Amino acid sequence: MATILIEATHSTPLIGAQLTAFIQRSQDCLKARHIQRLGMYISPNGTRTLCEMAATDADTVREACYAAGAPFDHIWAADVIEFPKLGSGMGDRPSPPPAVPSSPAPSIVNSGAIANSENRRPPATAARILVLSLYTPPLTEAHFEEMRANPTLHPCLSVRRIQKLRTLISKDRSRSICEFQATDADTLREAFRQENVSFERVWTAHLQTSESP
């Protein structure tokens, strides 16, 4: 099983009854193809979503979306890099089924020092922020392995109490989505611009983990 991401925009906002109908409409199509929804990130206005699935491959998920009439912009298989958690009080996403292998635990540099620094923890009201990045040309495997081996917290993030949770990067290394906790999206944009790190989009998301709102 692989981690598959579905990026989508919605002309009709997925809020309340619309969100419930959207989730229920896709259930049979996912179940028939042995696809598990691990989590769904929804923008506050309901017009943008990122769904994380456990499935055989991206084509199977794409087929399920067509069958359910679910819109999508991009569907892609991802490698996942997990980062050390500093403790934020926010709920974790559900564990994948046993058949889905978890990513190897990366080497953590100075993780004890990071974990013990209270002033680096995100505030209790921290929002979940997603950052989409595109790479032209694609990242090299050497760059990817460096990211996996050294998931350190950059000073420009820690000084703003931003916590990096995960990076999900496409198998062809042409795009990634990074998951953060921060005060707000503008704080994260400011940190990226200070370090001259390019990004395609930064947006605030609510994590929906259950099968119904």
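Reader: In which sense do strand 1 and strand 4 pair?

Author: A note before we start: this is a predicted model, in which local features need pLDDT of at least 70, side-chain atom pairs count only at pLDDT 80 or more, and totals for chains, interfaces and linings use all residues. Residues are numbered from 1 along each chain as its sequence is written, and side-chain values use heavy atoms, with hydrogens and water left out. Strands (E, at least two residues) and helices (H or I, at least four) are DSSP runs numbered from the N terminus, and two strands pair if DSSP finds at least two bridges between them. Strand 1 (residues 2–9) has 5 bridges to strand 4, with Thr3 standing opposite Ala78, and the sense of the pairing is antiparallel.

Reader: Which residue of strand 6 is the bridge partner of Asp79?

Author: Strand 4 (residues 74–82) is also joined to strand 6 (residues 163–170) by 5 bridges, and these two run antiparallel. Val80 has Leu168 as its bridge partner there. For Asp79, the partner is Ile169.

Reader: How many residues of strand 6 are buried?

Author: Buried means under 20% relative accessible area, with exposed over 50% and partly exposed in between (1.4 Å probe, protein chains only). Strand 4 is mostly covered, with 7 of its 9 residues buried. Strand 6 is mostly covered too, and its buried count is 8 of 8.

Reader: Which residue has a positive phi in the turn between strand 6 and strand 7?

Author: Strand 6 and strand 7 (residues 175–182) run antiparallel and are joined by 6 bridges, with Gln163 opposite Gln181. They form a hairpin with 4 residues between them. In that turn, the residue with a positive phi, about 65°, is Arg173.

Reader: Which residue takes a positive phi just after helix 1?

Author: Within the helix, the buried residues are Leu19, Phe22, Ile23, Ser26, Cys29 and Leu30. Just after helix 1, the residue with a positive phi of about 60° is His34.
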